[in-house]
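Subject: Handover of a structure and its findings

Dear colleague,

Please find below the structure that I am handing over to you.

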Amino acid sequence: LTVDHICDRLLRSFAADRLHFSLQVLRAKYKKAVEHFLEKAVRKHLDHQTAKERSRIPSREEALKKVREFRGSYNWVLLEPTKLELHGAGCHGLEAMKKSLA
């Protein structure tokens, strides 16, 4: 199954419905949709990493801001008890929090 094969089959359906598209236009629209999907998947993956798993560890203020945000990247933050420095942050719940403490 190739992109050209799928586009060719779609073009026949569009022709039957009197819609006019070229193979190039369909290919471009498909490519754009795939790129959008991959971008979204990468963002979702990054949003589900703990602070330690990210390439850049956020500051305490950044992590706390993400917890406060509606649908923020984190739903928990661990702070060192006396200096209140960031120890960990994440969004997977208790197991990820325990892992962050290890």
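In this message, a residue is called buried under 20% relative accessible area, exposed over 50%, and partly exposed in between, with a 1.4 Å probe and protein chains only. By that rule Glu69 is partly exposed, because its relative accessible area is 31%.

Please note that this is a predicted model, in which local features need pLDDT of at least 70 and side-chain atom pairs count only at pLDDT 80 or more, while totals for chains, interfaces and linings use all residues. Residues are numbered from 1 along each chain as its sequence is written, and side-chain values use heavy atoms, with hydrogens and water left out.

Confidence

The pLDDT, which is the predictor's confidence in each residue from 0 to 100, has a mean of 78 for the protein. Of the residues, 78% reach 70 or more. Helices (H or I, at least four residues) and strands (E, at least two) are DSSP runs, numbered from the N terminus. Confidence is highest in helix α3 (residues 60–68), with a mean of 91, and lowest in helix α2 (residues 23–47), with a mean of 74.

Salt bridges

A salt bridge is counted when a side-chain nitrogen of Lys or Arg is within 4 Å of a carboxyl oxygen of Asp or Glu. The search of the whole structure finds three of them.

- Arg60 and Glu61 meet through their side chains at 2.9 Å, N to O. Arg60 counts as partly exposed because its relative accessibility is 30%, and Glu61 is partly exposed at 47%.
- Lys66 is joined to Glu69, with 3.9 Å between the closest N and O atoms. Lys66 is partly exposed, with a relative accessible area of 30%.
- Glu95 is joined to Lys98, with 3.4 Å between the closest N and O atoms. Both residues lie in helix α4 (residues 94–101), three residues apart, which is about one turn of the helix. Glu95 counts as exposed because its relative accessibility is 57%, whereas Lys98 is partly exposed at 45%.

The hairpin

Strand β1 (residues 76–79) and strand β2 (residues 86–90) pair in the antiparallel sense over four bridges; two strands pair if DSSP finds at least two bridges between them. Leu78 stands opposite Gly88 in β2. The two strands form a hairpin with six residues between them.

Leu84 lies in the loop between β1 and β2. Its phi is near 55 degrees, a positive value in a residue other than glycine. Most residues other than glycine have a negative phi. Leu84 counts as partly exposed because its relative accessibility is 43%.

The nonpolar patch

Leu1, Ile6 and Leu10 make a nonpolar surface patch of about 320 Å². Patches are made of residues with over 30% relative accessible area and no salt bridge; like charges are joined within 9 Å, and nonpolar side chains (Val, Leu, Ile, Met, Phe, Trp, Tyr) within 5 Å. Accessible areas come from the Shrake-Rupley method with a 1.4 Å probe, and for residues only the protein chains shown count as cover.

Leu10 is placed in helix α1 (residues 3–16) and is partly exposed at 34% relative accessibility. Ile6 also lies in helix α1 and is partly exposed at 37%. Ile6 and Leu26 are 20 residues apart in sequence and 9.7 Å apart in space, C-alpha to C-alpha.

With kind regards
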